Structure formats: structure tokens, C-alpha cells
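This report describes the fold and selected local features of one protein chain. The sequence and the structure are shown first.

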Amino acid sequence: MNNFRSKSPPDPSLTKEGRRNFVRKTEDFVCGNCGNKVTGDGYTDHCPKCLWGKHVDEEIPGDRASDCQGLMKPIGAEMKISDVRYQIKYKCTKCRHIFNVREGKGDNRELLMELLNN
Ligand SMILES: [Zn+2]
Ligand SMILES: [Zn+2]
């Protein structure tokens with residue numbers, strides 16, 4: 001009697017695993033200031049409506065190294081010529097950490113302009 005050992009083909013889903021590109025985590029959150037439901041795209045760290053943010057990053061935007069989770073109040077903004085984008089200056093209402101964040105897609109322009117004059 002021959003030993004029939006059928007070789008099963010490698011599972012294609014397994015070969016894909018391991019070579020997966022680094023994907024930023026997208027986080028949906030509800031704005032702690034105005035209650036707006038924000039759909040995260042992986043870079044979103046503040047509410048586009050009222051521009052308030054949440055203290056989740058420590059040093060580098062996106063590092064998510066802080067466990068403060070306090071509300072970040074926008075206190076100013078400036079245009080970085082090299083970047084052609086606005087930088088929003090935040091102050092955490094909980095730990096008073098000062099943080100600069102780049103404007104996001106669909107941010108409230110009127111509020112941004114107001115912040116520029118601060
Ligand atoms: Zn908001
Ligand atoms: Zn904080």
C-alpha cells in the first residue's frame with residue numbers, strides 16, 4: 001500500500017502576512033469639547049470643527065506616547081512657510097503640555113484665522 005500524502009498548497013493568506021506594510025492606526029473619536037464625531041484617517045488628532053484635540057502624543061505627532069488623554073485647547077496658529085500648512089498650537093487643559101500640530105484636512109478655517117491673530 002502506498003502512502004498517499006497529499007501536499008496541501010500553501011495558504012495564500014499566510015504568505016501575505018509578514019510582508020504587510022506598516023499601516024497607521026485609524027482612530028475614530030468623539031470630540032471632548034463639542035461632541036463632534038471625528039473619523040480618523042490615521043493622522044487626525046484633533047476635531048476639525050472646533051479644533052480642540054486630545055493629548056495622546058508626547059513628543060512627535062503620532063507617537064501616541066502620552067497617557068494624559070486631557071483636552072488640548074487650541075491657543076494659537078502660525079503658517080510655516082516651508083510647510084505651506086498651518087501649525088496649531090495647543091495647550092493641554094490637564095497637564096499644561098504645549099504642543100504644535102499640523103492642520104488637518106477639513107479644519108475649520110474661520111477658527112484657524114482667529115487663532116492666527118492670537
Ligand atoms: Zn470639536
Ligand atoms: Zn496633557
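## Asparagine 33 and its surroundings

Leaving out residues up to four places away in sequence, asparagine 33 touches Cys47, Cys50, Trp52 and Leu71; two residues are in contact if their C-beta atoms, placed from the backbone, lie within 7 Å. Asparagine 33 sits in the loop between β1 (29-30) and β2 (37-38). Its C-alpha atom is separated by 9.0 Å from that of lysine 73, 40 residues apart along the chain. Asparagine 33 is partly exposed because it has 19 other C-beta atoms within 10 Å; a residue is buried with 20 or more such atoms within 10 Å of its own C-beta atom, exposed with 12 or fewer, and partly exposed in between, C-beta atoms being placed from the backbone.

Tryptophan 52 has contacts of its own: neighbours within four places in sequence aside, these are with Cys31, Gly32, Asn33, His46, Cys47, Leu71, Met72, Lys73 and Pro74.

## Basis of the model

The model is predicted: local features need pLDDT of at least 70 and side-chain atom pairs count only at pLDDT 80 or more, whereas totals for chains, interfaces and linings use all residues. Residues are numbered from 1 along each chain as its sequence is written, while chains are lettered from A and ligands numbered from 1 in the order in which they are written.

## Overall architecture

The protein chain contains 2 helices and 6 strands, which follow one another from the N terminus as α-β-β-β-β-β-β-α. Helices (H or I, at least four residues) and strands (E, at least two) are DSSP runs, numbered from the N terminus. Of the 118 residues, 16% count as buried. Among contacts between residues at least 6 apart in sequence, 31% join residues at least 24 apart.

An open sheet is formed by 4 strands in the order β3-β4-β5-β6, with antiparallel pairing; two strands pair if DSSP finds at least two bridges between them. β3 and β6 are the edge strands, each pairing on one side only. β4 and β5 run antiparallel and are joined by 8 bridges, and glutamate 78 has glutamine 87 in β5 as its bridge partner. Helix α2 (residues 109-116) packs on the sheet and touches β4 and β5, its direction making about 80° with that of β4. Axes are lines fitted to C-alpha atoms, for helices over the stretch in contact, and angles run from 0 to 180 degrees between N-to-C directions.

β5 also pairs with β6 (residues 98-102), in the antiparallel sense over 5 bridges; here lysine 89 has asparagine 100 in β6 as its bridge partner. The two strands form a hairpin with 5 residues between them, and arginine 96 in the turn has a positive phi of about 65°.

## The nonpolar core

Which residues make up the largest nonpolar core? It has 10 residues: Val38, Cys47, Leu51, Trp52, Met72, Ala77, Tyr86, Ile88, Tyr90 and Val101. β4 (71-80) and β5 (85-92) are the elements that give two or more residues to this core, and the largest share, 3 residues, comes from β5. A nonpolar core is a set of buried Ala, Val, Leu, Ile, Met, Phe, Trp, Tyr and Cys residues joined through C-beta atoms within 7 Å.

Most residues other than glycine have a negative phi. Arginine 64, in the loop between β3 (53-54) and β4, has a positive phi of about 50° although it is not a glycine. Arginine 64 is partly exposed because it has 13 other C-beta atoms within 10 Å.

Glutamine 69 also lies in the loop between β3 and β4 and has a positive phi of about 65°. With 12 C-beta neighbours inside 10 Å, glutamine 69 counts as exposed.
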